[in-house]
Structures are given as structure tokens and as C-alpha cells.
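I'd like to walk you through a model, so please have a look at it before I start talking.

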Amino acid sequence: MPPLNVGDTVRCEPNTHRTNQWKCRKVVADLAGRSYEVETEDGGKYHRNRRHLRQSKETPTVADDMEIENHIPAETTMTATPAAEPTVEGAAEQQTTTRSGRTVRPPAHLKDYGKSRSTPKFAEMKRRINPRDSRINKKDRRKSKKKSKDNSKIVERQVPKVSSALFFQYNTQLGPPYYVLVDTNFVNFSIKNKLDIVQSMMDCLYAKCVPCITDCVMGELEKLGPKYRVALRLVKDPRFERLPCMHKGTYADDCLVARVNQHKCYIVATNDKDLKRRLRRIPGVPIMYIRQHRYSIERMPDAFGAPKV
Ligand SMILES: [Zn+2]
């Protein structure tokens, strides 16, 4: 950028975002380097970087219009006073004209600029009375949105009853002999780990255990086909108790969960993660599973044979 001389007329970049107007200024001093001291029409002096200044051939005075049209060099314009420069601020009082002779009119939104604004009238809104206020006559009052309670209607709610067996911290219905509902995969895993079901249960709980097979579990084992015929033969052992099913469907997981919800006298033996998660939501039901080639049990503090975790 070419350097400026003292006395040059410049336009100055606005330092606020509120206006786009490049104001007309006069350079008064060269401050060794890239910055200059500029003077405004009202005598204020500012330091501005060269970047924010644009050299202008115009003259701040309106009277010099003719001279600018004749391309009068900067020496003559520098004598002109910047007092009459065309700005918006001064336009309210005095009419200013452009070089072409057009009258400069300030934009309408700047009309109130600088004047004190009236405060917002939120207080008046606050003073208004609520249309539902009890002080208003009843016929004029707006009806309240709340519906009056209809006592004749009985609200029905389905809340599962908590078993009385869970009155104490432990399940009082559980006790030797333990009845263990056995799941399909528990039988299969026991065979894989070469564990005798009844014997291993007794090793875990140190008490007599009766494994129970529901019709649904039996059906599942039968459906698994000839590969699982060992399992099928195993559950037909006389030591196993057979529980007949009266419900709809044959899904063993639902069957076991429903039974456990109804009666709190069972332990459930399963290795199925999803079923275990479902059972954990039901209070008072210990879950037996295979771990480290042994039977283990959770939620049963007095199972002394279970491996310590
Ligand atoms: Zn069933």
C-alpha cells in the first residue's frame, strides 16, 4: 500500500459492525511505520493502521464540489476543513448533499439512534389479572382447564403383588429339599461337562435337591432331535420331577419365568444369558449355572458348596 502524506483525505474503516460507512478523515501525522493519526470532523484524533485507511481524492467540504470535478490535486483539498464532511450523524439537523447534488437522507432505522428509548412495557402485562382469578364474577370467569375428579369412576391399576414369602430379607419358601427348575441348555451343558445333575446340585447346595422338568423343556429337548437323545434319556430319570404345563405356548423361557413369578419355591438352573437377565428382575429367585465345570448359584448366600467368585 502506498504511504500517505500528512494532510491527505482518507476514508476510515468503521471499527464497529453497526455501520458500514467509511468515514471521511484527514491525516494529521505519520506515526513512523504503518500507522497514522487521523482527525475527524469534530476534532477527535485517532490512531489507525494503514490497512484501515483508503486514500480518497474527495474533499470533506461540500463547497468544493467544483474543484473535485476538475481533479484538483491533494494539496488544495488538504486545506479544506473536515467539519462539513457528509456523515449520517450530522444529517438530522442539516441537509447534506452528495457531490452529484442529491440530498442525503439518513435511513429510517437510524432515526431514533442516540435518543433514549422508552423502556419495554412488560410491567403492564404483569399487572393484568388472570382470567381464571376467583375475584372475577363467576359467569365472566374463564373456566379452569382442570377437570373435576369423577369419583364414580374406579381407576384400575395392574400392580404385581409381592409374595408374602419375601417378607423377610430372604425367601422363606426356599429350603431343603430345593426344587430346581432345569432349562434345556443346562441339561446339555451338564452332559458336556460330564456332571451328574442331581449329584452336582447337592455338591453345590449341601442339601437334597429335586430337579424339575416342565413339559415345555421336555418338548424343547424332544425337538432338538437324535443328537440330544442322551439328554432326553437323562431327564426321564425317576429322580427328576415332571411338572405338567397348563399354559398356552411352548416357549420354555416364558414357562419358567411365569412359574417363578407365581411360586417363590423354585431355584432356576440355566446358562442362558437372556433368561438369567429376565430372572434377575424377579425378586427371591436364585439362579443356578455352570461355572468352572461346577454348579454355582447366585442370589443364594447360604450355598456353601458354590465356588467363590
Ligand atoms: Zn410350560
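Let me begin with pLDDT, which is the predictor's confidence in each residue, from 0 to 100. For this protein the mean pLDDT is 80, and 80% of the residues reach 70 or more. So you know the ground rules: this is a predicted model, in which local features need pLDDT of at least 70 and side-chain atom pairs count only at pLDDT 80 or more, while totals for chains, interfaces and linings use all residues. Residues are numbered from 1 along each chain as its sequence is written.

Now, the inventory. The protein has 9 helices and 13 strands; helices (H or I, at least four residues) and strands (E, at least two) are DSSP runs, numbered from the N terminus. By contact I mean two residues whose C-beta atoms, placed from the backbone, lie within 7 Å. Across the protein, residues 24 or more positions apart account for 50% of the contacts with a separation of 6 or more.

How much of the protein is buried? Buried residues make up 21% of the 309 residues. A residue is buried if 20 or more other C-beta atoms lie within 10 Å of its own, exposed if 12 or fewer, and partly exposed in between, with C-beta atoms placed from the backbone.

Strand E1 (residues 9-12) runs antiparallel to strand E2 (residues 23-31), joined by 4 bridges, and Cys12 has Lys23 in E2 as its bridge partner. E1 is also joined to strand E5 (residues 53-55), again antiparallel, by 3 bridges; there Arg11 stands opposite Arg54. When I say that strands pair, DSSP finds at least two bridges between them. Strand E3 (residues 35-39) and strand E4 (residues 45-49) pair in the antiparallel sense over 5 bridges, with Val38 opposite Tyr46. They form a hairpin with 5 residues between them, and Gly43 in the turn has a positive phi of about 90°. E4 is hardly covered: the count of buried residues among its 5 residues is 0.

Next comes the open sheet. It has 6 strands in the order E10-E9-E8-E11-E12-E13, with mixed pairing. Strand E10 (241-243) and E13 stand at the edges with a single partner strand each, so one side of each is left without a neighbour in the sheet. On average, neighbouring strands here are turned by 35° against each other, direction ignored. E8 and E9 run parallel and are joined by 4 bridges, with Tyr179 opposite Val210 in E9.

What packs against this sheet? One answer is helix H5 (residues 197-205), which lies across E8, E9 and E13 and runs at about 130° to E9. Axes are lines fitted to C-alpha atoms, for helices over the stretch in contact, and angles run from 0 to 180 degrees between N-to-C directions. In H5, the buried residues are Ile197, Ser200, Met201, Cys204 and Leu205. Seen down the axis of H5, they fall within an arc of 120°, so they line one face of the helix; the arc is that of the directions from the helix axis to the C-beta atoms. Their cover includes strand E8 (178-182), helix H4 (184-192), strand E9 (209-214) and strand E13 (294-298). Just after H5, Tyr206 takes a positive phi of about 55°.

Helix H8 (residues 252-262) buries Ala252, Cys255, Leu256, Arg259 and Val260. Seen down its axis, these fall within an arc of 125°, so they line one face of H8. What covers them includes E8, H4, E9, helix H6 (215-223), E11 and H9.

Finally, the interior. A nonpolar core is a set of buried Ala, Val, Leu, Ile, Met, Phe, Trp, Tyr and Cys residues joined through C-beta atoms within 7 Å. The largest has 35 residues, of which Val180, Leu181, Val182, Val268, Ala269 and Met288 touch the most other members. Apart from it lies another core, of 5 residues, among them Val27, Tyr36, Val38 and Leu53.
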